[in-house]
Every structure is written in C-alpha cells, then in structure tokens.
Amino acid sequence: MSTFFQELAKKLAERWVTLLVIPGVLYVAITAVGVRLGHSHALDYARLRVVLTDATGWMGRQPSGSQAVAAVVVLLAAAGAGLLVQASAVVTRTVWLGLWPRPLGPLRRRRADSRRRRWLALVGQRRTLEHAHPSANRTPEQQHLIDAAAARVNRFALAEPGRPTWMGDRVHALEAVALNRYGLDLEFAWPRLWLVLPDTTRTEITAANAAFATATATGTWAWPCLLLGAVWWPALFVGVGIGITGWIRARAAVADLTSMSEAAVDLHGRSLATALGVAETGRAGPLTLDEGRQLTALLRKGR
C-alpha cells in the first residue's frame, strides 16, 4: 500500500505541476513583463531586454535565502493564479455547453431558436433531394448529393437543437436520442447505467471526459490573458489564441464523449433493464421503446 500511495502522490504532483504551476508561472511572467512595458512600449524589444536584465541582475545580487523566498513567492503566485483559473473553469464550461444563467435567458432562447431554424432548413434540403430522387432509380451521383446533405445536418447537430451552442447541442442530442429512440430519461438512468457498464467502457468514457476537462482548463486561461490586455494589448491576442485552442479541443472531446455515451446506451441499456427486472434475462439487443419507458418510470420514482 505504501508503494501505491507513493505512486498516487507522484501522479497528483505531476498533474498539479502541469495544470497549475507551469501555466501559472508563465502567466505571472507575462503579467510582470506586460505591466512594465504597457501599451506604449508593448513590442519594444530593447526595453524588454532592459527589464529582463534588471530583474536577473537584481536577483543575482540577493543572498541565497532571499532568492529562495522570491522563488517561493513566484510559485505561490503561480499556484494561486492556477487555482483561480481552475475555479473559473465552471464559467467556461457553462458558456460552452449553453447552460447560460437565467439573466441571459432571452439571449439563450434566441440563439437556440436560430440554431433550430438553421437545422430544420438543412433537414429540408436533404428531404427535398430525397423526394426529387426516389431510391428506386437513384444514381450514385444523386446518392452522393443526399449523403452530403445528411452530413451537413449531422455536422450542425445530431438532433433538433435545443441549446444555444454546438457543444451543448451534442449533449442535448444524446439526451433526445435516448428518450425518443429508447424512451430512456438519461438524467435519471445514467447514474444507474454507469454502475452496470463494463470497465473498458467506463475507461473510454472517463478518458473522453478527462480530455474535455483538460480542454476546458486550457480555454479558461484565456480569461486572465484577456484581462491583462487592459494594460498590455498583445495579451489580447494571446488570450484569443488560447481560447480558440481550448475551444477546438473541447469540441473534439465533447464529440468523443457523447458518441461513447450513446454507444454505451445502445450496447448496455438492456443490462440495466435486466438488472432492474424490466427486461427478460438472456435476451439480446438494444432496449425497446416500451422497455425504456418502463425503466424510466421505475427510475423516476414518481418524480
């Protein structure tokens, strides 16, 4: 057990350094440089060299004890910045997943309605092509046009949009497909389903969720950089770059996470129904709509 706890402590220390200290040290350094340069000398390399030379010279003249204290102060400042950013990750997650607070309700509804209208228009284009080219005498070129139209629909949203953002609609589509295809309310069913999933499936879903959490943490560093842009304008471009990078990675992670979760419902929904006595033992295949509705009624417990 002592070896286990040593390895666990090592992994936690590595994660702490990766997620908090290293980005925090970089941000503290950028902040110190940005404050000294300001807007008027934002890209003045000669002034930057003077600033760095003065800082390193001052540090070199200090006794070893003072240098150690300065290093500790920098590390504490970096860790503090990292902890603050990690706490702010919930804001980034809320924005990206479209779970906007009540004061933004009108904007959230307008955005969701706009996405819904666009999705319906794309679906209409696909159906128009299908009606214009019946399957009985459809050519390969015509099928390619229909497939391309279907791909545009799926890239935009996998089900009728209900949230104001693409990532939010990926989660919404997962919930909608489970409810409409299987009659399963994932809000109540998912915690129980998770307990009956095999270890390999849970590992894949956990890895996808961790990738999304990491991407969210990365994107959250954009907020302090944009704030620093008030005194040093190049930080604005740094913040935008970090935000876009985190956003792109988060989209990929959410796509993987929802795909894995939907696959888990397809493959193991019956395992949950069997465990709760809703489905017959030994029967294979996905849940039926009637079984899913019975399972939902059981899990909701009248709520």
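Trainee: Is Trp 190 buried, partly exposed or exposed?
Mentor: Trp 190 counts as partly exposed, because its relative accessibility is 22%. Buried means under 20% relative accessible area, exposed means over 50%, and partly exposed lies in between, with a 1.4 Å probe and protein chains only.

Trainee: What should I know about the model itself?
Mentor: This is a predicted model, in which local features need pLDDT of at least 70, side-chain atom pairs count only at pLDDT 80 or more, and totals for chains, interfaces and linings use all residues. Residues are numbered from 1 along each chain as its sequence is written, and side-chain values use heavy atoms, with hydrogens and water left out.

Trainee: What is the average pLDDT of the protein chain?
Mentor: The average is 85, and 89% of the residues score at least 70. pLDDT is the predictor's confidence in each residue, from 0 to 100.

Trainee: Where does pLDDT stay under 50?
Mentor: That applies over residues 1-13, for which the model has zero contacts beyond four places in sequence. A contact means heavy atoms within 4.5 Å.

Trainee: How many helices and strands are there?
Mentor: The protein chain has eleven helices and zero strands. These are DSSP runs numbered from the N terminus: helices are H or I with at least four residues, strands E with at least two.

Trainee: Back to the tryptophan: which residue pairs with Trp 190?
Mentor: Trp 190 forms a tilted aromatic pair with Trp 194, at 6.2 Å centre to centre and 40° between the planes. Rings of Phe, Tyr and Trp (its six-membered ring) pair if their centres lie within 6.5 Å; planes under 30 degrees apart count as stacked, over 60 as edge-to-face and the rest as tilted. Both residues lie in helix α7 (residues 186-196), four residues apart, about one turn of the helix. Trp 194 is partly exposed, at 23% relative accessible area.

Trainee: How many aromatic pairs does the structure hold?
Mentor: There are three. One of them is Tyr 27 with Trp 221, tilted, with 6.1 Å centre to centre and 50° between the planes.

Trainee: Why does that pair tie together parts that are 194 residues apart in sequence?
Mentor: Tyr 27 lies in helix α1 (residues 2-37), while Trp 221 is in the loop between α8 (199-220) and α9 (222-228), so the pair links those parts. Tyr 27 and Trp 221 are both buried.
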